[in-house]
Amino acid sequence: MTTIQLKIEEIPHGHGASFKKGIASILANSDLSENLPNGHDHSYERGQQIGKELKAEIAKLVKD
């Protein structure tokens, strides 16, 4: 079993869902940015960055 570690900086109070939507949008390859609360774009984009890192780490584990 492999453990993946990613550094995630503090998420502002109330921005967790937007951050998680950013991660999910990368992993699910779909745009989930609709209906984000005002001012949550940055948290969504930070989530997308973490999603890209996570996706790359998972790809390393996939056997050919």
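**Exercise 1. Find what the buried residues of H2 pack against.**

Solution. The buried residues of H2 pack against H1. Contact here means heavy atoms within 4.5 Å. Buried means under 20% relative accessible area, exposed over 50%, and partly exposed in between, with a 1.4 Å probe and protein chains only. The model is predicted: local features need pLDDT of at least 70, side-chain atom pairs count only at pLDDT 80 or more, and totals for chains, interfaces and linings use all residues. Residues are numbered from 1 along each chain as its sequence is written, and side-chain values use heavy atoms, with hydrogens and water left out.

**Exercise 2. State the secondary structure and overall dimensions of the protein.**

Solution. Step one: count the elements. The protein has two helices and zero strands. Helices (H or I, at least four residues) and strands (E, at least two) are DSSP runs, numbered from the N terminus.

Step two: box the chain. Along the principal axes, the C-alpha atoms fill roughly 45 × 25 × 15 Å.

Step three: take the surface. The accessible surface comes to about 5,100 Å², and 50% of it belongs to carbon and sulfur atoms. These areas come from the Shrake-Rupley method with a 1.4 Å probe; for residues, only the protein chains shown count as cover.

Step four: take the burial. Of the 64 residues, 23% count as buried.

Step five: sort the contacts. Among those between residues at least 6 apart in sequence, 66% join residues at least 24 apart.

**Exercise 3. Check the span of helix H1 and locate its buried face.**

Solution. Step one: compute the expectation. The expected span of a helix is 1.5 Å times one less than its number of residues. H1 covers residues 16-27, which is 12 residues, so it should span 16 Å. Its end C-alpha atoms lie 17 Å apart, which agrees.

Step two: list the buried positions. They are Ser-18, Phe-19, Gly-22, Ile-23, Ser-25 and Ile-26.

Step three: look down the axis. The buried residues of H1 fall within an arc of 160 degrees, so they line one face of the helix. The arc is that of the directions from the helix axis to the C-beta atoms.

Step four: name the partner. The buried residues of H1 pack against helix H2 (41-61).

**Exercise 4. Repeat the analysis for H2.**

Solution. Step one: compare lengths. H2 has 21 residues and reaches 31 Å from its first C-alpha to its last. That is close to the 30 Å expected.

Step two: list the buried positions. In H2 these are Ser-43, Tyr-44, Arg-46, Gly-47, Ile-50 and Gly-51.

The face turned away from the buried side carries the exposed residues His-42 and Lys-60.

**Exercise 5. Describe the surroundings of Gly-22.**

Solution. Gly-22 sits in helix H1. Its relative accessible area is 0%, so it is buried.

Step two: find the contacts. Not counting residues up to four places away in sequence, Gly-22 touches Tyr-44, Gly-47 and Gln-48. Tyr-44 and Gly-47 are among the buried residues of H2.

Step three: take a distance. Gly-22 and Leu-32 are 10 residues apart in sequence, and their C-alpha atoms are 7.1 Å apart in space.

**Exercise 6. Identify a nonpolar surface patch.**

Solution. Step one: apply the rule.

Step two: name the members. Leu-27, Ile-58 and Val-62 form the patch, with about 260 Å² of accessible area together.

Val-62 lies in the segment after H2 and counts as exposed at 55% relative accessibility.

Key. Patches are made of residues with over 30% relative accessible area and no salt bridge: like charges are joined within 9 Å, nonpolar side chains (Val, Leu, Ile, Met, Phe, Trp, Tyr) within 5 Å. A salt bridge is a side-chain nitrogen of Lys or Arg within 4 Å of a carboxyl oxygen of Asp or Glu.
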